[in-house]
Amino acid sequence: MILKHIFTPLNNTRLSHLCGPTDEHLRTIERELEVKIAHRHEQFKVEGAKAKAQRALEMLQALYEIAGRPIAASTVQLMLSGDGGMDGEDGPSLSTRRADLKPRSQNQALYLDNIAEFDITFGIGPAGTGKTYLAVAAAVDALQRSAVQRIVLTRPAVEAGERLGFLPGDLNQKVDPYLRPLYDALYDLMGYDQVHKAFERQQLEIAPLAFMRGRTLNNAFVILDEAQNTTPEQMKMFLTRVGFGTKTVITGDVSQIDLPKSQMSGLVDAERILRRTPGIAITRLTSADIVRHPLVARIVDAYEAARLEDLPQIAIPEPEPELPRVGLPKARTPRRNPTL
């Protein structure tokens, strides 16, 4: 199918920003949507399958509207990563430093809705789907609205396939490398100065999972990150820390478990046990929800396909051969000898 469009009023600056350096943005759209885009001045022609050509045209129109200044390549990639929507999906508005923060897929919107509605929410999905980032954003929003008194962020201190040995420094210096992704999200959503002021007022706490034992967390927003690396005992211990007025979010990726092969993941175990428990929501995110570079979604899909191929085939038992029906020999009544 061939769709044609003329951008009016003509604005050469906007057209230049729309196309990108050496038509980089157009090539990105062509590659991701499998279409062909040709243009001459303000006249554009899109050729491809009907649905993809229509989406490419919508992408061009959306880019033209924001093309008052140069468009970053990451912006185009994020728009392509959305589930067909150019303006993001409907979801709760969050009060953070990022004014443009919004869910970019239906599953992300459902994830935020579940966090708002349920006291315990599981966010399970591959890397890049925003599990941790959206959870931290919801926590920052709750703190800004005074819905909670503090934010508690925790994760198990498990290396990703490496043994780093004994790390130098005090306790904070030892655990900081494991908690760095949480710091990054906080700095982005609150700003460096606000984060450190919140730490001083004890409104923010970041700690290893091992430090949660024996505590009761009231009026807090608690996030357990990298939950796939917990044991079932650790997961049960964490879930039983929940107190009154507390929101709890557990995030993890069951395809990246760093525990020993013989050890069951606490996240897998909890999903199996709690999936029908009232008051607990489980949100499944997929590669379609990834908002990083488009290659990340392809990498996740390729690894998942390879994992499915490596699973042992389930042997289907052959039908037992049907035995011939052999009847029992008929009992013969002995004949009487008439001469006797």
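The model is predicted, so local features need pLDDT of at least 70 and side-chain atom pairs count only at pLDDT 80 or more, while totals for chains, interfaces and linings use all residues. Residues are numbered from 1 along each chain as its sequence is written, and side-chain values use heavy atoms, with hydrogens and water left out.

Two strands pair if DSSP finds at least two bridges between them.

Let's begin with the sheet of 6 strands. In what order do its strands come? The order is S6-S5-S7-S8-S4-S9, in an open sheet with parallel pairing. At the edges sit S6 and S9 (280-284), each of which pairs on one side only. From one strand to the next, the twist averages 15°. For angles like this, axes are lines fitted to C-alpha atoms, for helices over the stretch in contact, and angles run from 0 to 180 degrees between N-to-C directions.

Now please find strand S5, residues 150-155. Of its 6 residues, 5 are buried; buried means under 20% relative accessible area, exposed over 50%, and partly exposed in between, with a 1.4 Å probe and protein chains only. S5 is joined by 5 bridges to S6 (residues 204-208), and the two run parallel.

How does the chain get from S7 to S8? It crosses through helix H9 (residues 232-239), in a β-α-β crossover that is right-handed. Right-handed means that, with the strands pointing away from the viewer, the path from the first strand over the helix to the second runs clockwise. As for partners, Phe 221 is bridged to Lys 247 in S8, and Ile 223 stands opposite Val 249 in S8.

Helix H6 (residues 131-144) lies across S4 (120-124), S5, S7 and S8, running at about 170° to S7. Contact, by the way, means heavy atoms within 4.5 Å.

Now for the other sheet. It is open too, with 3 strands in the order S1-S3-S2 and antiparallel pairing. S1 (2-6) and S2 (36-40) are the edge strands, each pairing on one side only. S1 and S3 (residues 43-47) are joined by 5 bridges and run antiparallel; in S3, Glu 47 is the bridge partner of Ile 2.

Helix H2 (residues 24-33) lies across S2 and S3, at about 150° to S2. H2 also packs with H1 (residues 12-19) at an angle of about 45°, with their axes 5 Å apart. The two helices are therefore oblique to each other: under 35 degrees counts as roughly parallel, over 145 as roughly antiparallel, 65 to 115 as roughly perpendicular, and the rest as oblique. Where they meet, His 17, Leu 18 and Cys 19 of H1 face Glu 24, His 25 and Leu 26 of H2.

Let's finish with Leu 26, a residue of H2. Is Leu 26 buried or exposed? It is buried, with a relative accessible area of 0%. Beyond its neighbours within four places in sequence, Leu 26 is in contact with Cys 19, Ile 37, His 39, Phe 44 and Leu 60.

Key: Helices (H or I, at least four residues) and strands (E, at least two) are DSSP runs, numbered from the N terminus.
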